[in-house]
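Hi,

Here's the structure I said I'd pass along. Have a look at it first, and then read on for what turned up.

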Amino acid sequence: MISKPYIKLKNVSKVFGQNPDTVIDLVQNNIDKTELQNDYNHIIGLQNINIDIPKNKIQVFMGLSGSGKSTLIRHLNQLIRPTSGEIVVNNVNVTELNKKDLINFRRENFAMVFQKFALLPHRTVLSNTYFGLQIRGVKSPELENTAKYWIDKVGLDGFENYHPNQLSGGMQQRVGIARALANDAPILLMDEPFSALDPLIRIEMQDMLITLQKELKKTIIFITHDLDEALKLGDNIAILRDGKIIQSGTGQDIILNPYDSYISNFTAQVNRGKVIECEKVMKKLSKDAFSKVTIAKETKLEEAVRVMISNNINEVDVLNSKKKYIGTVYLNDVMASIINPIAEP
Amino acid sequence: MSILTEFPSIDTETLRSLKKSIDAGFKNFSRNYGDNIESFFEPVRFLLIESEQFLINTPWPIIMAIIAIIAWAGSKNIKIVISVVMILLLIGYFDMWENTMKTISITFVAALLAIVFGIPIGILMAKSNFFQRVMNPVLDVMQTMPSFVYLIPVVMLLGIGKIPGLIAVVIYSIPPMIRLTNLGIRLVNQAVIEAADSYGASNTQKLIYIQIPLALPTIMAGINQTIMLALSMVVIASMIGVTGLGQPVLTAIQNQYFTLGIFNGFAIVGIAIVFDRVSQAYGKRIQESHGTINDK
């Protein structure tokens, strides 16, 4: 189901250097990044980015460092202005806004979470959390009450009067998230929010984000360099390299049909059982009555194996959302799909 | 060959007429506008006289208590408060109380003016690279010009007295205030500024909510430096009629009164220590409440 795009990027390019306008034509005509760097002494940040981002979903941009993902997220709220192209957010072309309108547009539409937290060191957890509201002119006591609500929500109840430097990294990022959510903006920009955290805390934070999103249904733009994180969180994933989107789709699409060897090298490391759903590996049989044990079509393969093994069976029937039989999965097929294909040389 | 041994300078006659015309021009200027300028400084004179009268006419135990309370409020350190009281007791015991009060008064007013003008100028410098390029050489001149030299135009304009002395002290002591305000604001972590931008903060909001509070420890260091410079300039300004501890020092130099000089010199050192320790302790406390300031 594809909803109307909420955020639309049309041919967005960004060139860094002395005179970006002089080389923008070359960039639009797909000049190679290294060629532009060597011959014209300009650096490509983004090159001809086209993407539609639906409302109320988590859109992940994945890429290694230097792929342009942080540049891209900063184009959405115009912290970085594009050299060419159009960025439409909620029917407003943000590239055309003047300084004053842009400030208002940011206040009403965006909240941002940063990799290095970017909390205000001189403020307490409470006043950090209401920073966005304060900027928008919200007054006491609504200011404190809203902040308090979100501090509780992210699990920092009781830490209101601490300063950021008294908190651990994970707790600081909880403040960052509380600050973003307190703003109640429809779009949440998250620039590698969990990359600076250690693995266990990272997973905890991812789970918290998933729980919050179920309730809030915001449009979330999430940047990461970690494919596992992308697959876990993203409704849609776009993979960036050298400032270009090289593949965009659901996690399953990317795992099952990697566009090129660059992507398949990534996907080779992934736990496929946690991403691929039963629907993709089931065989359609004509059956009217189905087995005693059944699973939903969105069930991930790993879970299907667990069901089959615990019930000591080799096959299990798959039902759609209306509890109708649509196919059967076999243990052998499932296992074969879970095993990573041998990476192409 | 004389061109090598003697520098080809403009001839004496031209030089003299040049100097004459500049001097005459300035003299005319001060004759015509001196009164206006003087009335412009009337509020400052009022402030100066009031603060001096207050410090001198209030019974000394009360003044000492006030200073001790300020020291406590600033430093929250009982050791500093005790040493401040000890220094003041010694100064009073050696009969330098009144002069010390006069010096404290002019230092206080000079530092206040330096802060009132220095911080906005520093903020402007931080906001505009062009203004910084303009201001830097001006500040260099203010800091390196021998301090006696700018006594001359001030005296020509306003004559001898408290106000010209005060102006000279302010000019001499304002550069660190401006420079450190500029530096403090420029050193604020860019990531925090970016966060503020992303939430739609206006320039004024960034200044009030982020840049000034985060620059405050550096600004405090500027205030500290300004006070120290003002104190050292007060002695020089005594040559143009600023009363206080500087005057006995001047008398001591002229008449070779060693003990008089040394006593008053130590009194200046004493209040310098008082100002310095209290303002530094205060700066340190702000810094601690901020945690790691530029945590990157």
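To start with the sheet: in what order do the 6 strands of the open sheet in chain A line up? The order is β6-β7-β8-β3-β9-β10, and the pairing is mixed. Do keep in mind that this is a predicted model.

At the two edges of that sheet sit β6 and β10 (244-249) of chain A, each of which pairs on one side only. On average, neighbouring strands are turned by 20° against each other, ignoring direction.

One pair to click on is F110(A), whose bridge partner in β7(A) is I187(A).

There's also a helix to look for. Helix α3 (residues 69-76) of chain A lies across β3 (58-62), β7, β8 (219-224) and β9 (236-241) of chain A. Relative to β8(A), helix α3 of chain A runs at about 155°.

Now for the place where the chains meet. Chain A puts 21 residues into the contact, and chain B puts in 19 residues. On chain A's side, the elements giving two or more residues are α4 (99-109), β6 (110-113) and α6 (131-135). Sorted by class, the side of chain A that touches chain B has 11 nonpolar, 7 polar and 3 charged residues.

Cheers

Conventions
Residues are numbered from 1 along each chain as its sequence is written. Chains are lettered from A and ligands numbered from 1 in the order in which they are written. This is a predicted model: local features need pLDDT of at least 70, side-chain atom pairs count only at pLDDT 80 or more; totals for chains, interfaces and linings use all residues. Two residues are in contact if their C-beta atoms, placed from the backbone, lie within 7 Å. Helices (H or I, at least four residues) and strands (E, at least two) are DSSP runs, numbered from the N terminus. Ala, Val, Leu, Ile, Met, Phe, Trp, Tyr, Cys and Pro count as nonpolar, Asp, Glu, Lys and Arg as charged, and the others, Gly among them, as polar. Two strands pair if DSSP finds at least two bridges between them. Axes are lines fitted to C-alpha atoms, for helices over the stretch in contact, and angles run from 0 to 180 degrees between N-to-C directions.
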